[in-house]
Amino acid sequence: MRFLHTADWHIGKKLHEFDLVDEQQDAYQQIAEIAKEEKVDAIVIAGDLYDRKVPSEESINQLDAMILDLNLTRKFPILAVSGNHDSAPRLGSGSHWYEATHFYLHTTIAQALTPIEMADTQFFLLPYFEPFQVRHFFEDDSIQNVQQAMNRLVAEMQKKFDSTKQHVLVAHFFAAGSQHVDSETTVEVGGLDAIAVDSMVAFDYVALGHLHGKDALHAEAVKYSGSPVKFSLSEAKQQKGVWIVDTAPYNAKFVPIKPKKDIEILTESFATLIDPAYYEKVNRSNFIAISLTDVDVITDVMARLRKIYPYIINLDRKYGIQDVESQKRIDPNLDPMTLLTDFYNQATDSRMSKDQQKWAAQALTAAKEDDE
């Protein structure tokens, strides 16, 4: 059979202060069209459907619409698991009747041990887990870390293998040898944060979620799909997309997704960045990260740049700021909030946001009360 492998949708996630609703919707539409064009028999979603355990109403509505479109309108079977960003109980609340439309959403260890059979393939859907959950499930105190837990789970799954079929594991964890990026949450449980790739050799294919780049792991049949949208500056150069997997004979093909808003890194002087001859050649509808080559202080640099580049997600200094002694000296007799605001302005070349001012005021008040 042929299936599409995706993961880490993180519906509801923001890129710094910017909503990604439109970007995630556009990526979803591309996934749905790829599934149609490739004539897949099913769609695998390997965890982290939501970005938060308690998603917003808008996020719930957005994911619901996607699942309804895929499963009820387009008639694709869906095989999905909960990730570490999902609340397994909340996500799995309707899973028993979802199966009536071939939407298989597994959020518990017990569910993971019963395969879903489609055509020539058995799918084992293993949600994100911690060692204590596996230890309690099997009532086995010898299970103390995530690798021991995985070994026991795989052994139990193998008891259900049909030798006439292919075997696919869908899971959400950190595989040994993989590399993180900034937007990912490390799995660190039981003193061991990685599962050995060798422990999954019994499966013909392992569809993983958790890491956001397809190249985080290089293994023939154990793959991360990566996220369909770029969620951090460290993902700027990643190619997003999905895997199209054929089970017999085995073949895995990566199909790219084009971002609605890409992440672009600009390393230039302030004078160059505000020059129309330069910025009119830049796609300013992209998310922009700026690394200034200037070493002198520039007043209100972020506000001035934002007038030209509205989607700035990061601003730093490639060579730092020199001549600190020549900067305006701060009067130590000023009130603490003014001192903090002036220091922030000088250190970052920008002004504190209203939220930052509120948090700072609360922290200063708490510190004052502690002193009293």
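Predicted model: local features only at pLDDT ≥ 70, side-chain atom pairs only at ≥ 80, totals over all residues.

Colleague: Is aspartate 48 buried or exposed?

Modeller: Aspartate 48 is found in the loop between β4 and α2. Those labels come from DSSP runs, numbered from the N terminus: helices are H or I with at least four residues, strands are E with at least two. Aspartate 48 has a positive phi of about 55 degrees although it is not a glycine. Its relative accessibility is 1%, so aspartate 48 counts as buried.

Colleague: What is the relative accessible area of aspartate 8?

Modeller: Aspartate 8 lies in the loop between β1 (2-6) and β2 (14-15). Aspartate 8 isn't a glycine, yet its phi is positive, about 55 degrees. This residue is buried, with a relative accessible area of 0%.

Colleague: How far apart are the end C-alpha atoms of helix α1?

Modeller: The expected span of a helix is 1.5 Å times one less than its number of residues. Helix α1 covers residues 21-37, and its 17 residues should therefore span 24 Å. The model agrees, with the end C-alpha atoms apart by 24 Å.

Colleague: Which residue stands opposite isoleucine 43 in β5?

Modeller: Two strands pair if DSSP finds at least two bridges between them. Strand β4 (residues 42-46) and β5 pair in the parallel sense over 4 bridges. Across from isoleucine 43, you'll find isoleucine 78.

Colleague: Which residue of β6 is the bridge partner of alanine 80?

Modeller: In strand β5 (residues 78-81), Ile78 and Ala80 point one way, Leu79 and Val81 the other way, and all are buried. β5 also pairs with strand β6 (residues 103-106), in the parallel sense and over 4 bridges. Alanine 80 has as its bridge partner in β6 leucine 105.

Colleague: Last one: what is the omega of the peptide bond from alanine 248 to proline 249?

Modeller: Proline 249 sits in the loop between β12 (241-247) and β13 (250-256). The peptide bond from alanine 248 to proline 249 is cis, with omega near -5 degrees.

Key: Residues numbered from 1 in each chain as written. Heavy atoms only, no water. Buried < 20%, exposed > 50% of the residue type's maximum accessible area, 1.4 Å probe, protein only.
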